[in-house]
Amino acid sequence: MLTPYVPATYSLHSATDFLDILKTNNAIGTIASLDAESLFTSIPVQRTINYISDRFYHNTNTPKLPIPESTLRRFLPCCTIKTPFVCRRGVKYQQKDGVTMGSPLGVLFVNFLMGSIEEEVFSKFEKTEIYCRYIDDIFIKTTRNEDIILLKNYLQDASGLTFTIENSVEGSMPFLDILVKQQQGKFNIAIYVKLTNKGQCMNGRSECPQRYKNSTIRAYIRRALTHCSTWTKAHTEMV
């Protein structure tokens, strides 16, 4: 019920959305990424619930939910900070704040908080030439280097979270599974693979159904064709 109405003006749903942005923008300026430290476990649950409640019950542009506001305010904490868990020693704990990794509400809460924070920030701060976010990873491009620090400070002040900056190196930096390079005013893209990636995937001689093996091959080929800006790079990935 909540997901369709998450503030998603700057949110990416997949790498495909990010590629579309790169293809429709020039590469003139400075690129960098911002990352919210330990966002899932640091997210202020009650503040996020307030954002959710305000959007659905006190906003004329959003349809009201078919349940009372008081009920929603009781349900959401039950699914997050009031859910007990038992450690290996058998001791029972209750989370004070934040959402646990893997929680069904984790991504929803993160996107709702960050989307609401972005609306606040960009009502005061002029948006950079490119600003987009995938959950807690933010990609920006600006022609003024000082905007990177200013944006970080605005986000930190508005959210109470801690953000780190990763600057590009010689116009090149990874974002999601894409290696972004600035070359001659355009974005040159390729597949980015972390150094810890050993390249292992499904064994072709395993007893897994053939359709799953075929799907794995198609996924690699599709990624090579969509994530590489030249046929040479795509060929290298497929070979």
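Biologist: Where is the place of Q95?

Modeller: This is a predicted model. In it, Q95 sits in the loop between β3 (92–94) and α5.

Biologist: Why is Q95 called buried?

Modeller: The relative accessible area of Q95 is 16%. Buried means under 20%, so Q95 with its 16% is buried.

Biologist: What makes the approach of the Q95 side chain to the backbone oxygen of D97 a polar contact?

Modeller: The distance is 2.9 Å. The cut-off for a pair of N or O atoms is 3.5 Å, and the 2.9 Å from Q95 to D97 falls within that, so the pair qualifies. A polar atom of the Q95 side chain also lies 2.9 Å from the backbone oxygen of G98.

Biologist: Which residues is Q95 in contact with, leaving aside neighbours within four places in sequence?

Modeller: I81, T83, F85 and T100.

Biologist: Turn to T62. Why does T62 count as buried?

Modeller: T62 has a relative accessibility of 10%. Anything under 20% is buried, so T62 belongs there. T62 is found in the loop between α3 (45–57) and α4 (69–78).

Biologist: What makes A32 a buried residue?

Modeller: A32 has 0% relative accessibility. With the limit for buried set at under 20%, A32 is therefore buried. A32 is part of strand β1 (residues 30–36). Beyond four places in sequence, the residues it touches include I138, F139, I140 and M173.

Biologist: Why is L22 buried?

Modeller: The relative accessible area of L22 is 4%. That is under 20%, so L22 is buried. L22 lies in helix α1 (residues 15–23). Not counting residues up to four places away, L22 touches F139, V180, F187 and I189. The C-alpha atoms of L22 and I221 are 21 Å apart, and the two residues are 199 apart in sequence.

Biologist: Why is E170 called exposed?

Modeller: E170 has a relative accessibility of 80%. Exposed means over 50%, so E170 is exposed. E170 is in the loop between β6 (163–167) and β7 (172–175).

Biologist: What is phi of E170 near?

Modeller: Near 55°, a positive value in a residue other than glycine. S38, in the loop between β1 and α2, also has a positive phi, near 45°, and is not glycine.

Biologist: How many residues has the largest nonpolar core, and which have the most contacts inside it?

Modeller: The largest nonpolar core has 41 residues, and F109, L151 and L155 have the most contacts inside it. Elements that each supply at least two residues to this core include β1, α3, α4, β5 (137–142) and α6 (146–159). With eight residues, α5 gives the most to this core. Apart from this core lies another, of 16 residues, among them I130, F139, M173 and I178. In soluble globular proteins, nonpolar side chains tend to be buried together.

Biologist: Which residues does F109 touch, not counting residues up to four places away in sequence?

Modeller: F109 touches I43, V45, T48, I49, I52, L76, T80 and V99.

Biologist: How many helices and strands are there in the protein?

Modeller: Eight helices and nine strands. Of the 239 residues, 39% count as buried. The accessible surface comes to about 14,400 Å², and 52% of it belongs to carbon and sulfur atoms.

Biologist: How far apart are the mean positions of the positive and negative charges?

Modeller: The mean positions of the 28 positive and 22 negative charges are 9 Å apart.

Technical notes:
Residues are numbered from 1 along each chain as its sequence is written. This is a predicted model: local features need pLDDT of at least 70, side-chain atom pairs count only at pLDDT 80 or more; totals for chains, interfaces and linings use all residues. Side-chain values use heavy atoms; hydrogens and water are left out. Helices (H or I, at least four residues) and strands (E, at least two) are DSSP runs, numbered from the N terminus. Buried means under 20% relative accessible area, exposed over 50%, partly exposed in between (1.4 Å probe, protein chains only). Contact means heavy atoms within 4.5 Å. Accessible areas come from the Shrake-Rupley method with a 1.4 Å probe; for residues, only the protein chains shown count as cover. Lys and Arg count as positive and Asp and Glu as negative; His and the chain ends are not counted. The place of a charge is taken as NZ of Lys, CZ of Arg, CG of Asp or CD of Glu. A nonpolar core is a set of buried Ala, Val, Leu, Ile, Met, Phe, Trp, Tyr and Cys residues joined through side-chain atoms within 4.5 Å. A polar contact is a pair of N or O atoms within 3.5 Å; within protein, one must be able to donate a hydrogen and the other to accept it, and residues adjacent in sequence count only if both atoms are side-chain atoms.
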